[in-house]
Structures are given as C-alpha cells and as structure tokens.
Amino acid sequence: MRWHRLIQLCPKGFCAYIAQMIDGFGRNIDYLRISVTDRCNFRCAYCMPEQQTFLPHSDLLTYDEIMALVERFIAHGIRKIRLTGGEPLVRRDIEVLIEALGQHVKAGHLDELTMTTNGSRLQKFASLLASAGMKRINVSLDTLDPNAFRQISRGGDLASVLAGIHAARAHDLDVKINMVALKNENEDALLPMADFCAEHGLDLTLIETMPLGAGVLEREERYIALDDFTAPLRARYRFHPLAHKSAGPARYWRVDTLGLRLGLITPMSHNFCDHCNRIRLTTDGKIYMCLGSELHVDLRKALRDGVPSDVDHLLQTALRLKPQRHEFESQLAQPGLRLARHMNATGG
Ligand code: SAM
Ligand code: SF4
C-alpha cells in the first residue's frame, strides 16, 4: 500500500492537507457511497426477501456522525459522494443531510454529490436535490409495465416513479435509469425502456444481477449476461463504443439511431475491478472496501469514542483490506459461499 499525502491547502482552508488514498493495487479511491438507511418501501425480488429484518434505529449513524465522517473522508481524498440505501428518500429528515453535504459541493470540497433512488418519493424531493447541488441522479426502474413493476418491486407504484423522473428533469437533473437484467422477467421490457429513455433524454444503464444476500429466491435462474440481454437491441440498432466515463463501473455505448447513451455494468460476465475507485459506508458505520467482500472496518465505535485520529487510522487500515477483485462468479455458482449482506445494506 502507498499512502500519499499531498501538501495542498484546500480553497477554504477546510482541511490542512488533502491526502490521496491509493490502495495496494495502485487504485486511487476517491468515490464514497453512503447507505443512509437499510430500510426501503419496496422489496425488489432480486435485492431482498419479502420478510426482511432491518437494523434498529440506535445502530444507525446520526446525520451529525455521517457529516463528521464525511469530513475525514474528504481530508483523505474523497471527491465524489453518492447517497444510496435502502431507499435514501425514506429516511426521516433526509433533507438535513442532503443540504449539509451540498455545502461541501458549494465550497468545492466535493466534485460531485449524487443519489441512487427508487424514485417513489422523487417528486417531493427533486427541487431539494437540485438546490443542494446535485446535477444528476440514478433512478432504478426495471420495466415500464405497471403490473410487472408491482411484481418485481413487490408493491411499487410505477406512476409515482415516472412522476418523480419527470420532476427531476423539470429541475434540470440529468437522470440515468438503472435497469437490472432479469432472465424471463424483464427481457421484453428492454426495447420499450430504450425508446422511453431516448424520448425523454435519459441515459440507460443495464446491470447484471449479483449474488448478494441469502433468502433471495431464484437468483441463479434470473441471472442473464448482458451480452444476451441486449441481443434484441443490438439486432435492431448499431452500438458504438463511447469514451465517456462516469465515476462508476459502467462501459458506455451510443445506440444509433435511437441516440441513446447506454451503460453496461457487467460484474459477472466482464470484470471491471481493475479500475475500482469506490468504498462504501454502511448505515451502521462500517466501511466495506468492496461490494463483493466481507472485509470491513467499523468506524462507528471510534467516532462514538470521540477519537478522530482513530478514524484516520482505521481508514488507512481499510485501504489495506481492499481486495483486488470480487468473487461473485464463484459465489453465484456455489450458494454456500453467498455473502450474508443484501444489497440494501451496502447500497448500490
Ligand atoms: N433503493 C435505491 C434504488 O433502488 O435505486 C437505492 C439502493 S439499491 C440497493 C441500488 C441499486 O442496486 C439499484 O439500482 C438496484 O436495482 C441495484 N440492485 C439491488 N440488488 C441488486 C443485485 N442483487 N444485483 C444487482 N443490482 C442490484
Ligand atoms: Fe429497495 Fe432499491 Fe432494494 Fe428495490 S433495489 S428493494 S428499491 S433498496
């Protein structure tokens, strides 16, 4: 591991130095995803079981605690933050946290603040997100058929998600749709989704389903590689590779003549770990260095003990724990190796 300390005063003197987190494989970690709650008003069939147990409220980091950690992360070189969950917009008073984080964007301490949301409460919050300095958000949407949507999300209302997307666009937020590819479940939803995104000026990102968490039925049966899932779209349109890069793991394509920008996230079929720049803070204060690994450090205790230097020390320890790559392929093949955490615990 190399630990870089760049002697560099930030514009407002907010931190005495800005370090850079370089892991043992030479990757610069500058992107933090924060799961602000593990709770959700949906129960997407690929994400969690219908009867899910959530953390007691006393285990959750308070907003003050999250902000205290964010200051340490920024001092260590984090430049981008994505809020996720569970569903971030169901946590009570979430606007308090979003506005506080927005101050770091406005002060230049962060390059980007974004969110991944199921969109169900976006109509209410779109204006707040925009005024906090968010420029773009991801909205998860696996089909445009209301009945199929209700089935996949186990109770979600498509109309409220669509209203949320339109509200976000009305507030000039760029919207990227996240669509999880599900064999025999939403394969026929791809062409309508591509048309919808092209018509409304949205990016579309497809995601292979990952084997996270126990009790999720039919995970193996639902997995489909994106090469196969996208075949009907490729049969109809040409794909041109794009140089475009976002902070995340997607590879991008231009779909002509639709004019659609299509992202492909292929954790299973085409590994992308070489360029991983991300770490994840769970709602109870653990730092996971990889979505596909149990290795973590617990920052909450150090924080509650009131020793900031311990937090810094733990961040350096965490950096040494970052594995070279996930092992989802073997975990999918052998259910006994399945990670206990569901996606809602660490966030997407
Ligand atoms: N509730 C928000 C949402 O759905 O957008 C944010 C949290 S959700 C866990 C983040 C992303 O993870 C969503 O796009 C969701 O579709 C995706 N996701 C959940 N479980 C997954 C799995 N097992 N494999 C791949 N993606 C998954
Ligand atoms: Fe909730 Fe998002 Fe998981 Fe669906 S994918 S159950 S919306 S956390």
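**View 1. Which polar backbone atom is 2.8 Å from a nitrogen atom of ligand 1?** It belongs to M210; a polar contact here is a pair of N or O atoms within 3.5 Å, and within protein one must be able to donate a hydrogen and the other to accept it, with residues adjacent in sequence counting only if both atoms are side-chain atoms. This is a predicted model, where local features need pLDDT of at least 70, side-chain atom pairs count only at pLDDT 80 or more, and totals for chains, interfaces and linings use all residues. Residues are numbered from 1 along each chain as its sequence is written, chains are lettered from A and ligands numbered from 1 in the order in which they are written, and side-chain values use heavy atoms, leaving out hydrogens and water. On the oxygen side of ligand 1, a polar side-chain atom of S140 sits 2.5 Å from an oxygen atom, and one of Y46 sits 3.1 Å from an oxygen atom. The protein buries 96% of the 540 Å² that ligand 1 exposes when taken alone (Shrake-Rupley method, 1.4 Å probe).

**View 2. Here's the shell around ligand 1.** It has 19 residues, the closest being Y46, G86, T116, S140 and M210; a residue gets in if one of its heavy atoms lies within 4 Å. Strands are DSSP runs of E, at least two residues, and helices are runs of H or I, at least four, numbered from the N terminus. By class, the shell splits into six nonpolar, ten polar and three charged residues. Ala, Val, Leu, Ile, Met, Phe, Trp, Tyr, Cys and Pro count as nonpolar, Asp, Glu, Lys and Arg as charged, and the others, Gly among them, as polar.

**View 3. Helix α2 (residues 94–106) packs on helix α3 (residues 122–131).** Their axes are 9 Å apart, at about 25°, which makes the pair roughly parallel (under 35 degrees). I94, E95, I98, E99 and K106 of α2 meet F125, L128, L129 and S131 of α3, with contact meaning heavy atoms within 4.5 Å.

Terms used. Axes fitted to C-alpha atoms, helices over the stretch in contact; angles between N-to-C directions. Parallel < 35°, antiparallel > 145°, perpendicular 65-115°, else oblique.
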